[in-house]
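The following exercises ask the reader to describe a protein structure step by step. Each task is followed by a worked solution.

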Amino acid sequence: MEYFLELILGGLTRGSIYALIALGYTMVYGIIQLINFAHGEIYMIGAFTALIFTSVLTLLGFNEIAVIVLASLAAVIYSSAYGYTVEKIAYMPLRRASRLSPLISAIGMSIFLQNYVLLAQTSDFLPFPNLIPEFEFIKPYRHIISSPEIVILITTSTAMILLTFLIKFTRTGKAMRATAQDRNMAMLVGVNVNRVISITFVIGSALAALGGVLIASHVGQINFYIGFVAGIKAFTAAVLGGIGSIPGAVLGALVLGLTESFATGYVSSDYEDVFAFGLLVLILIFKPAGILGRVTARKV
Amino acid sequence: MLRLKNVNSFYGNIQVLKNLNIEISRGEIITLIGANGAGKTTTLMTISGLVPSRSGEITFMGKTIHNMRPDRIVSLGISQVPEGRRIFPYLTVLENLDMGAFLRTDRKNIKKDMEYIFDLFPILSQRRNQFGGTLSGGERQMLAISRAIMARPVLLLLDEPSLGLAPLIVRQIFEIIKKINIENQTTVFLVEQNANLALKAAHRGYVMENGRITLSDSAENLLSNENVRKAYLGL
């Protein structure tokens, strides 16, 4: 039973990290029908920024908590700036082009950013310090859940609640939903659509950066390639849940995380990808639009 | 108030609007009639800035607007009810109305305007928490017009409001268009295929053929014009 609980909590942790990244995919897809292949790289850049800031701040003698908070903040700001710039450089000029063009541009951006970090940093794995301290109150339950897992779960659920609030109740959120549903009509009621798209990229990037910091600190090492791997998983989660749907991305990510956790726990970690993608295939056979995806037949 | 001078618009390489000249004064209801594919919808989209004009000039209340972003044009007071209603399907009726008032900041008056809308169309009040996509055709048209009114426009552009609606609802909608014109001093530019209906509601009219204005006159004269009667009124 305890083992089962441990697997569930491990799966939820993993899933909530996927969710942070998957939200960026699904929001961007929802609003401009683009699969942003460079999104994983934004997450990777978040992790690197956090690493650089952590090293500098530690050298300067800041205390642990200050280091975590400032490094995460820096990662979020940096990655958002990258996400914003990538959209302006690589996607905005192609707004009226066929759907394939921005897709190719996205792949190009992904390769560029990977190699840029490879050249600017190194191809080796870099150790990432464990930023999250061991909590006292967790000690009795250590065999079930670790401190980093708790921090990850709390941070991601807070971020998701804030996001839900933003999308549901704010003016910007309403403009985002309207733009996703009918871009030209949104313009006709006075929405500055380019700005809404920029905001979407910034929010998605900020969430991905948060995921980058949390996972890097949990796993303990990073390199220029982590964005690709995490990106594929998060993208799978987004498709699983129904791409374009925000609750779908979160649900898909949690299902994926739990599947992998149970596959690792009861079968073998070699088979976690088999189970993850096997599940994707099954869901796409029986529900092609994803778990919460909308079938896109619209009355005109 | 609105003036199109020698406007030329293209879709790719195909010229849709050819040397278009239209003038609308404050308080008028002006209609633009013509067959399918004459360029009526393109005219409205060009005014709203969604289709760029390649040459010519569009001015609105003394400001040049043909190079403006669509959202800036809306902020000057031009709202459009596009063809096919274009209700946001996964926003509720209330949220759709809220989107109409997107650029306004005067919360109190927004509330008042919503009450006014619910007076005009009680059915929308009953459906206020339903998704826009679940409404019937007539309800969608009511919502589309209401959404545009929520912007408190100076100039209201209407594209085929009668399309696909039962005669009773069409009559109701035209009554309301006239009511808005009189009560709120809103200028209306009405594009219609149903020429009879449009000319009866309007003060003046333009006839469009193949992207050109071929005729413009008072609505009365157009209704009795031999060519118009033959081509558009089926008489």
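**Exercise 1: Burial and overall form of chain B**

Task. State what percentage of the 235 residues in chain B is buried, and decide whether chain B is as compact as a globular protein of that length.

Solution. The model is a predicted one.

Step 1. Of the 235 residues in chain B, 53% are buried.

Step 2. Chain B contains 10 helices and 10 strands. Its radius of gyration is 17 Å, close to the 18 Å that the globule rule gives for 235 residues, so chain B is as compact as a globular protein of that length.

Step 3. Along the principal axes, the C-alpha atoms of chain B fill a box of roughly 45 × 40 × 30 Å.

Step 4. When contacts in chain B between residues at least 6 apart in sequence are considered, 68% of them join residues at least 24 apart.

**Exercise 2: Surface and charge of chain B**

Task. Determine what share of the accessible surface of chain B belongs to carbon and sulfur atoms, and how far apart the mean positions of the positive and negative charges are.

Solution.

Step 1. The accessible surface of chain B is about 10,600 Å², and carbon and sulfur atoms account for 47% of this area.

Step 2. Chain B has 29 positive and 21 negative charges, and their mean positions lie 3 Å apart.

**Exercise 3: Aromatic pairs**

Task. Classify the pair A:Phe135 and A:Phe137, and then the pair A:Phe262 and A:Tyr266.

Solution.

Step 1. Over all chains, there are 13 aromatic pairs. One of them joins A:Phe135 and A:Phe137, with 5.6 Å from centre to centre and 10° between the planes. Planes under 30 degrees apart count as stacked, and this pair is stacked.

Step 2. A:Phe135 is partly exposed, at 24% relative accessibility, whereas A:Phe137 is exposed, at 53%.

Step 3. In the pair A:Phe262 and A:Tyr266, the ring centres are 6.0 Å apart and the planes stand at 0°, so this pair is also stacked.

Step 4. A:Phe262 and A:Tyr266 lie 4 residues apart in helix 10 (residues 246-267) of chain A, a separation of about one helical turn. Together with A:Tyr3 and A:Phe4, they form one aromatic cluster.

**Exercise 4: The surroundings of a threonine**

Task. Is A:Thr156 buried or exposed, and which residues does it touch?

Solution.

Step 1. A:Thr156 belongs to helix 5 (residues 147-169) of chain A.

Step 2. Buried means under 20% relative accessible area; A:Thr156 has 2% relative accessibility, so it counts as buried.

Step 3. Leaving aside residues up to four places away in sequence, A:Thr156 touches A:Ser16, A:Leu20 and A:Leu214.

Notes. Residues are numbered from 1 along each chain as its sequence is written. Chains are lettered from A and ligands numbered from 1 in the order in which they are written. This is a predicted model: local features need pLDDT of at least 70, side-chain atom pairs count only at pLDDT 80 or more; totals for chains, interfaces and linings use all residues. Side-chain values use heavy atoms; hydrogens and water are left out. Helices (H or I, at least four residues) and strands (E, at least two) are DSSP runs, numbered from the N terminus. The radius of gyration is taken over C-alpha atoms; the globule rule is 2.2 Å times the number of residues to the power 0.38. Buried means under 20% relative accessible area, exposed over 50%, partly exposed in between (1.4 Å probe, protein chains only). Contact means heavy atoms within 4.5 Å. Accessible areas come from the Shrake-Rupley method with a 1.4 Å probe; for residues, only the protein chains shown count as cover. Lys and Arg count as positive and Asp and Glu as negative; His and the chain ends are not counted. The place of a charge is taken as NZ of Lys, CZ of Arg, CG of Asp or CD of Glu. Rings of Phe, Tyr and Trp (its six-membered ring) pair if their centres lie within 6.5 Å; planes under 30 degrees apart count as stacked, over 60 as edge-to-face and the rest as tilted.
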